[in-house]
Amino acid sequence: MQQLLADGSSLEGICRTLRLDRSTVRRFARATSIDELLVNATNRASILDPYTAHLHQRWNDGCRDSTQLHQEIQAMGFPGSIQTTRRYLRPFKSTAAAPAAPREAPRPRRIVRWIMTNPGNLPAEDALALKEIRAGCPELDAVTQHVRDFATMLRDLTGSDLPAWMERVEHDDLPALHSLVNGLRRDQDAVIAGLSSSWSSGQVEGQNTRVKRIKRDGYGRANFDLLRTRILQRS
């Protein structure tokens with residue numbers, strides 16, 4: 001795949017040549033090393049994840065019988081086979097004690113929600129989790145700060161701060177946000193005006209959504225005259 005890319009083939013062309021899904025081709029094309037692909041392949045969620053803490057604790061308590069441990073987690077709701085349990089416990093047999101159970105990583109969508117939420121409205125547990133994640137990832141820490149600064153401009157209608165915000169973003173190695181800044185610069189005056197005015201198109205968008213809903217309700221059963229009447233009657 002990398003050779004095809006080096007030869008100038010497009011992602012679509014590689015998909016056709018290798019008969020692979022576009023997402024698979026894109027993942028391999030973006031990878032910088034085989035280690036990156038292996039990490040993605042081995043860190044997937046498992047049906048055993050909710051029960052690993054119990055297995056680690058019982059193993060360290062002295063219970064080394066995989067059959068008994070499997071029966072215990074089965075009673076807790078584990079739906080998998082005993083082979084799954086045995087494969088997980090196999091590395092522990094060469095150590096004196098099982099390592100600490102790995103902490104379940106939050107899903108990316110949940111982290112995005114934490115970042116997009118006003119810090120004052122974020123539960124303490126979520127705020128602590130986000131703080132730990134930011135401490136371990138400087139890039140995500142920078143993104144979080146930029147997103148919250150932009151949200152402050154939206155809330156306080158301080159569009160005059162936009163040029164300084166864009167400069168701060170450009171000083172960080174964040175290509176995705178650089179693309180956003182480039183788009184904002186193409187219509188910077190309008191963006192600043194939008195961030196400074198208390199007026200919005202929310203009412204217009206709401207009416208558009210209402211008209212679309214009425215249209216869908218009558219699809220295949222009503223004509224334009226009835227649609228017009230229903231819209232005017234604000235049904």
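Helices (H or I, at least four residues) and strands (E, at least two) are taken as DSSP runs, numbered from the N terminus. The model is predicted, so local features need pLDDT of at least 70 and side-chain atom pairs count only at pLDDT 80 or more, while totals for chains, interfaces and linings use all residues. Residues are numbered from 1 along each chain as its sequence is written, and side-chain values use heavy atoms, with hydrogens and water left out.

Helix H2 spans residues 11–18. Its buried residues (under 20% relative accessible area; exposed is over 50%, partly exposed in between; 1.4 Å probe, protein chains only) are Gly13, Ile14 and Cys15. These buried residues pack against helix H1 (2–6) and helix H3 (22–30). Arg19 follows H2 and has a positive phi, near 55°.

The axes of H2 and H3 come within 9 Å and cross at roughly 115°. Axes here are lines fitted to C-alpha atoms, for helices over the stretch in contact, with angles from 0 to 180 degrees between N-to-C directions. The crossing of H2 and H3 is right-handed. A crossing is right-handed if the near helix is turned clockwise from the far one by less than a right angle, and left-handed if anticlockwise. On the H2 side, the contact (heavy atoms within 4.5 Å) is made by Leu11, Glu12, Ile14 and Cys15. H3 contributes Arg22, Val25 and Ala29. By class, the contact of H2 with H3 has five nonpolar, no polar and two charged residues. In this scheme Ala, Val, Leu, Ile, Met, Phe, Trp, Tyr, Cys and Pro are nonpolar, Asp, Glu, Lys and Arg are charged, and the others, Gly among them, are polar.

A further helix pair involves H11 (residues 162–170) and H12 (residues 175–186). Their axes come within 9 Å and cross at roughly 150°. H11 and H12 are therefore roughly antiparallel to each other; the term applies over 145 degrees, with under 35 roughly parallel, 65 to 115 roughly perpendicular and the rest oblique. The crossing of H11 and H12 is left-handed. From H11, Leu162, Trp165, Met166, Val169 and Glu170 take part in the contact. They meet Leu177, His178, Leu180, Val181, Leu184 and Arg185 of H12. The residues of this contact divide into eight nonpolar, one polar and two charged.

The structure holds four aromatic pairs. Rings of Phe, Tyr and Trp (its six-membered ring) pair if their centres lie within 6.5 Å; planes under 30 degrees apart are stacked, over 60 edge-to-face and the rest tilted. One of the pairs joins Trp59 and Phe92 edge-to-face, at 5.7 Å centre to centre and 65° between the planes. This pair links distant parts of the chain, 33 residues apart. Trp59 lies in helix H5 (residues 52–60), and Phe92 in the loop between helix H7 (82–89) and helix H8 (108–116). Trp59 is buried, at 2% relative accessible area. Phe92 is also buried, at 6%. The rings of Tyr88 and Phe92 have centres 5.6 Å apart and planes at 80°, so this pair is edge-to-face. Tyr88 is partly exposed, at 23% relative accessibility. Ring pairs link Trp59, Tyr88 and Phe92 into a cluster.

Thr84 is found in helix H7. Thr84 is buried, with a relative accessible area of 19%. Neighbours within four places in sequence aside, Thr84 is in contact with Leu48 and Phe78. Ala151 lies in helix H10 (residues 138–156). Ala151 is partly exposed, at 36% relative accessible area.
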